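Notebook open, viewer open. I want to go through this one piece by piece and jot down what I look up.

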Amino acid sequence: MIRLTGVSQTFNGRSGTVEALRNINLTVSEGEFVAVIGRSGCGKSTLLRLIAGLIMPSGGEVSVSDTPVTKPRRDIAMMFQRPALLPWRSVLDNVLLPAEMFGWRRGEHRERALQLLDMVGLSDFHKRQPHELSGGMQQRVALCRALMQQPKVLLMDEPFSALDALTREELSGELQRLHMEMGATTVFVTHSIEEAVLLADRVMVLSPRPGRVRRIVDVKIPRPRTLGHNAYLEEVARCSAELHELLLAPDAPPAAPPSTAPGQARHTTERVG
Ligand SMILES: Nc1ncnc2c1ncn2[C@@H]1O[C@H](COP(=O)(O)OP(=O)(O)O)[C@@H](O)[C@H]1O
Ligand SMILES: [Mg+2]
């Protein structure tokens, strides 16, 4: 579904060259939910912008549904940390934005927009302006807007980071439900291990800049998952511990000096057992 082959990204800015991503290989199958975690500045947003067709890679190739991504597409939707709603438009008109962008007839899509709002519990708010809504509600509207274009691929860049803990938990629960119902292939960037383990089938851990794939961790926990239940599951503890180790591991394990015994050298690279 999504395929990244040897993807690299280098930015040439005024203050010099920044290598953001190096040789990223990743295949995400249809309906899969992949979380991406890594420290700030390791290229997570860049990775999503590449898949979204907002920027072209300096090297390698990105394809979605076996077609190279060369520009933003209807079948790929993106959602950001801030809802980025148009403040002068009603909730419904914000959700209908993609219909206008893609030149669809508004009347034909109004019903679907209302259904989406209903799905996230906002049908009573469709005439409101964004500023009348809480942060969590605004982010729900942004999610509806992304789903409006009926994407095959949903890209989410730390969509819950600006919300309070309880709202985050609520929204991640809703996202899980929507994902189970609609099954859009999802790439979800987060810096929260808890969120990654709650939502993802696999978690890709990036190393600090330049972002490289440090490891891809499988999360084999049956759904539906909840943070409450998760707290008691051994597999959650195991996954979370592995992700913690990977995030905290020093960037490149120091090359073993010649005098180091093989046993010791192995210890520095195999941090997780
Ligand atoms: N358009 C750009 N021009 C120059 N440098 C950029 C640009 N976009 C991102 N970068 C740099 O690339 C690196 C990765 O950025 P980003 O993908 O936003 O990281 P993350 O989302 O993981 O915090 C950072 O050092 C950032 O400053
Ligand atoms: Mg980012």
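How far does a backbone N or O atom of Gly 41 lie from an oxygen atom of ligand 1? I looked that up before anything else, keeping in mind that this is a predicted model. The distance comes out at 2.7 Å.

**Entry: ligand 1, backbone contacts**

I carried on along the chain from Gly 41. A polar backbone atom of Cys 42 sits 3.2 Å from an oxygen atom of ligand 1. For Gly 43 I get 3.1 Å, again from a polar backbone atom to a ligand oxygen. Then I checked the cover: ligand 1 alone would expose 560 Å², and the protein buries 66% of that.

**Entry: ligand 1, the shell**

Which residues come nearest to the ligand? I count 13 residues around ligand 1, and Gly 41, Lys 44, Ser 45, Thr 46 and Arg 209 are the ones that come nearest. I sorted the shell by class and got four nonpolar, five polar and four charged residues.

Next I asked which elements the shell comes from. β2 (16–28) and α1 (44–52) supply at least two residues each. The largest share belongs to α1, with four residues.

**Entry: aromatic pairs**

I went looking for ring pairs and the count came to three. The pair I opened up was Phe 33 with Phe 188: the centres are 5.7 Å apart, the planes make 45°, and the pair is tilted. Why does this pair interest me in terms of sequence? Phe 33 is in strand β3 (residues 33–37) and Phe 188 is in strand β8 (residues 185–189), so the contact ties together parts 155 residues apart in sequence.

Phe 188 has another ring partner, Phe 160. Their centres are 5.9 Å apart with planes at 55°, so I note this pair as tilted. Phe 160 belongs to the loop between β7 (153–157) and α6 (165–182), while Phe 188 is in β8, so this pair ties together parts 28 residues apart in sequence. Phe 160 is buried too, at 3% relative accessible area.

**Entry: strand β6**

I followed the side chains along β6 (residues 76–79). Ile 76 and Met 78 point one way, Ala 77 and Met 79 point the other way, and all are buried.

Which way does β6 pair with β7? The sense is parallel, over four bridges. I picked out Met 79 and found its bridge partner in β7 to be Met 156.

**Entry: the open sheet**

My last stop was the open sheet of four strands. The order reads β2-β1-β4-β5, and the pairing is antiparallel. β2 and β5 (67–68) are at the edges with a single partner strand each, so one side of each has no neighbour in the sheet.

At the β5 end, two bridges join β5 to β4 (residues 59–64), and the two strands run antiparallel. For one specific bridge I wrote down Ser 63, whose partner in β5 is Pro 68.

Conventions: Residues are numbered from 1 along each chain as its sequence is written. Chains are lettered from A and ligands numbered from 1 in the order in which they are written. This is a predicted model: local features need pLDDT of at least 70, side-chain atom pairs count only at pLDDT 80 or more; totals for chains, interfaces and linings use all residues. Side-chain values use heavy atoms; hydrogens and water are left out. A residue is near a molecule or strand if one of its heavy atoms lies within 4 Å of it. A polar contact is a pair of N or O atoms within 3.5 Å; within protein, one must be able to donate a hydrogen and the other to accept it, and residues adjacent in sequence count only if both atoms are side-chain atoms. Accessible areas come from the Shrake-Rupley method with a 1.4 Å probe; for residues, only the protein chains shown count as cover. Ala, Val, Leu, Ile, Met, Phe, Trp, Tyr, Cys and Pro count as nonpolar, Asp, Glu, Lys and Arg as charged, and the others, Gly among them, as polar. Rings of Phe, Tyr and Trp (its six-membered ring) pair if their centres lie within 6.5 Å; planes under 30 degrees apart count as stacked, over 60 as edge-to-face and the rest as tilted. Buried means under 20% relative accessible area, exposed over 50%, partly exposed in between (1.4 Å probe, protein chains only). Two strands pair if DSSP finds at least two bridges between them.
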